[in-house]
Amino acid sequence: MFDDRRFYRPMKGKLLRQGVLETDRGCPYTCAYCNTYGQELNYKINNNSKYFRLRDLGRVHDQLKILVNKYKVEFIYMAAEVLFAMPKEHRKEFVKMYSRFKIPFFCQNRAEVINEETVHDLETMNCHTCSLGLEHGNDEFRKVMLNRRVTNDTYIRALKCFKNSKITVSVNNIIGFPDETEEMIKSTIKLNRELGMTSSGVNVFYPYKGTPLGDHCFNNDLVDLDKFNNFSNERRESSLIFSEEHHEMINRYYRNWDFLIHPIYTYFGLRVRYLKYRDIILKKLGIYEIARDVYRSQKRWFRPGRAS
């Protein structure tokens, strides 16, 4: 049914045969910028039920078996907003089942569910990368504006649990919120540096309709409709009504995020600078195409810039 090449996706510099495994549907959390709130409300009103529900482990096992035996996947993307948002006994059964396959995987989790025990479970399953949503470095702003009731100390404790683990950890952030100041963005950068994760990513806030924060922006005439309707800039450029100076400030932090998070005197600081300038140097030397073809012939992924 599908071209076999569609199974290959880049992951940490390599081109791997990947599959998607669904362990649940929805999310038990209701962040103000996310569509989960609307989904939960819709199910409550129309079905008198919850949108978030765990998938039967037998069905998860059957899908995983097909991915491994029929499609020969080398890597799994866990299609769960928060992989370990499940009761402890269910998690233990899931870990036991998945550990029979041990296919390396990427997953998303919340700092609240990360502790020594859950990190050990991830290692047992052969987790390659765990992504955590920080979104903002200011405790009060994160709580009031984003409806994420988790403290900076919780994130710090969670990241420490990965200290002696081989699991790579990525942290997600958002800048460009309404009422956010430059000092608040600096607090997000400062906390990222303190966390010491493997990688850090950033998006610019986008006011999705049907979300509490998105509706707040529309109801208070904070949205530039021309920019909002230009969907090609989603999460890369602010669609809110700010001064020109404020837009330039947001864009500056967005463009230089990796450099700001990883100082040049650190290993990752040197690495992100190498990735940024690698293609520029190779082109100046006239060997870019040769290097690209060699990389691809070794089933590695070669792409300019941050996505490499």
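Select Tyr43 to begin: with a relative accessible area of 22% it is partly exposed, a class that lies between buried, under 20% relative accessible area, and exposed, over 50%, as found with a 1.4 Å probe on protein chains only. Tyr43 sits in helix H1, residues 36-47, where helices (H or I, at least four residues) and strands (E, at least two) are DSSP runs numbered from the N terminus. Leaving aside residues up to four places away in sequence, Tyr43 touches Asn48, Ser49, Lys50, Tyr51 and Arg53, a contact being heavy atoms within 4.5 Å.

The model on screen is predicted, so that local features need pLDDT of at least 70 and side-chain atom pairs count only at pLDDT 80 or more, while totals for chains, interfaces and linings use all residues. Residues are numbered from 1 along each chain as its sequence is written, and side-chain values use heavy atoms, with hydrogens and water left out.

Next, show Glu117 and Lys88, whose side chains meet in a salt bridge at 3.6 Å, N to O; such a bridge is a side-chain nitrogen of Lys or Arg within 4 Å of a carboxyl oxygen of Asp or Glu. This pair links distant parts of the chain, with Glu117 in helix H4 (residues 116-125) and Lys88 in helix H3 (residues 88-98), 29 residues apart. Glu117 is partly exposed at 31% relative accessible area, and Lys88 is partly exposed at 46%.

Move on to helix H5, where Asp139 and Arg142 lie three residues apart, about one turn of the helix. An α-helix has 3.6 residues a turn, so residues three or four places apart point the same way. Asp139 forms a salt bridge with Arg142, the closest N and O atoms being 3.1 Å apart; Asp139 is partly exposed at 35% relative accessible area, whereas Arg142 is buried at 0%.

Now colour helix H6, residues 152-160, in which Asn152, Thr154, Tyr155, Ile156, Ala158 and Leu159 are buried. Display as well strand E7 (127-135), helix H5 (139-144), strand E8 (168-175) and helix H7 (182-195), against which the buried residues of H6 pack.

Finally, select Tyr206, Lys227, Asn233, Glu234, Glu237, Ser238 and Ser239, which line the largest cavity. On a 1 Å grid over the protein atoms alone, a cavity is a set of points where a 1.4 Å probe fits but cannot get out, and lining residues have an atom within 4 Å of a point. The volume of the largest cavity is about 40 Å³, and the structure holds one cavity of 30 Å³ or more; grid points are joined across faces, edges and corners, and a volume is the space filled by probe spheres set on the points.

Key. 1 Å grid on protein atoms, 1.4 Å probe; cavity = no way out; pocket = protein on both sides within 12 Å on 5 of 7 lines; lining within 4 Å.
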